[in-house]
Amino acid sequence: MATNKQVILRDYVSGFPKESDFEITTTTVELRLPEGSNSVLVKNLYLSCDPYMRSRMGKPSAFALAQAFTPGKPILGFGVSRVIESGHPGYKQGDLLWGIVGWEEYSVVTPEMHFKIHDTDVPLSYYTGLLGMPGMTAYAGFHEVCSPKKGETVYVSAASGAVGQLVGQFAKMMGCYVVGSAGSKEKVDLLKNKFGFDDAFNYKEEQDLSAALKRCFPKGIDIYFENVGGKMLDAVLLNMNMHGRIAVCGMISQYNLEDQEGVHNLTSIIYKRIRIQGFVVFDYFEKYSNFMEFVIPCIKEEKIAYVEDVAEGLEKGPEALVGLFYGKNVGKQVVVVARE
């Protein structure tokens, strides 16, 4: 037996989440599986804080991206783990994997949407971001959904986050002109000086978002990687070029609103023949091996810069997760459960 610290959802959340919506509890877990089990017992090492998790904090809805969390139970998310014991033929003791786990020290999982980690000469925490779900989101959303061409203009909102920082760099590799927006001077400096964006602006300092985009894109936007929604999308539609593409990855400005904002300027979609496509990374996981073949050499050749915001200890999990929705994180938000 071992103690098992957990992050529990107290009750369904409305409005902006608060740290008090969660509690840290400690229970016990038996470090062996029942006879004949097909599951895998894992020790969790790193947990990923991701904006989509907000939709799972609310009451169950037929329109939600994923099943709602259960009040009184540990919340779930992507994480990096080591196998303690396996009843599954595809995994053995000592294997490293990433996929959905509970926010706790030990989890029992049935590997379905899990990937075995083979490249271990990079930080394991990267599998919560650059080499995990956010990295795959950036890769699939930009290359598969946006159909980019060399020389095109690309705008990325929430550009310093786990996904945005990678989209911008993938676009630069393709020879595109890239501008990002973020919510602080520190993040704007990161975009321009570390991630190699051609330009960036602090959306909080702009009185007129459409004018800011016109300033950055005097010839218009070919590709918009959408992470924000609301007024930002309104402004983008006015500045899109003919046959522009918008990949809708997220809309973080809307997640905590009881009544979501409407979208204006929709006639631009007709006049400019704009293609807007929402996507979910789960639809592209079969391309994960292609992504790894592309990204691992980029990391080893130092073609990709990557920034993590690390919270030490599971007890810091609620603060780190809630901070996402107030823009407190700089880079990919990671919670360290154990460094082994």
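Before looking at pockets, I reminded myself what counts as one: an open set of grid points with protein on both sides within 12 Å along at least five of seven lines. I also kept in mind that the model is predicted.

Entry: I turned to the second largest pocket and noted a volume of about 330 Å³. Its lining comprises 19 residues, and R56, L76, I100, V101 and M113 lie nearest the centre. I then checked which elements give two or more residues to this lining, and found β4 (76-86), β5 (96-102) and β6 (106-109).

**Entry: the domains.** Next I looked up the domain assignment, which gives domain 1 as 2-129 + 307-336 and domain 2 as 134-282. I found 28 Å between the centres of the two domains, taken over C-alpha atoms. Domain 1 brings 20 residues to the contact, and domain 2 brings 16 residues. Between them the two domains bury about 1500 Å², with 67% of that area on carbon and sulfur atoms.

**Entry: salt bridges.** How many salt bridges cross the interface of domain 1 and domain 2? I found zero there, whereas a search of the whole structure gave me 13. I picked out the one between D50 and K332, whose closest N and O atoms are 2.8 Å apart. This pair links distant parts of the chain, 282 residues apart: D50 sits in the loop between β3 (40-48) and β4, and K332 is in strand β15 (residues 332-336).

Notes
Residues numbered from 1 in each chain as written. Predicted model: local features only at pLDDT ≥ 70, side-chain atom pairs only at ≥ 80, totals over all residues. Heavy atoms only, no water. 1 Å grid on protein atoms, 1.4 Å probe; cavity = no way out; pocket = protein on both sides within 12 Å on 5 of 7 lines; lining within 4 Å. Points joined across faces, edges and corners; volume = space filled by probe spheres on them. Helix = DSSP H or I, 4+ residues; strand = E, 2+ residues; numbered from the N terminus. Domains from an automatic or database assignment. Contact = heavy atoms within 4.5 Å. Buried area = accessible area lost by both parts, 1.4 Å probe. Salt bridge = Lys/Arg side-chain N within 4 Å of Asp/Glu carboxyl O.
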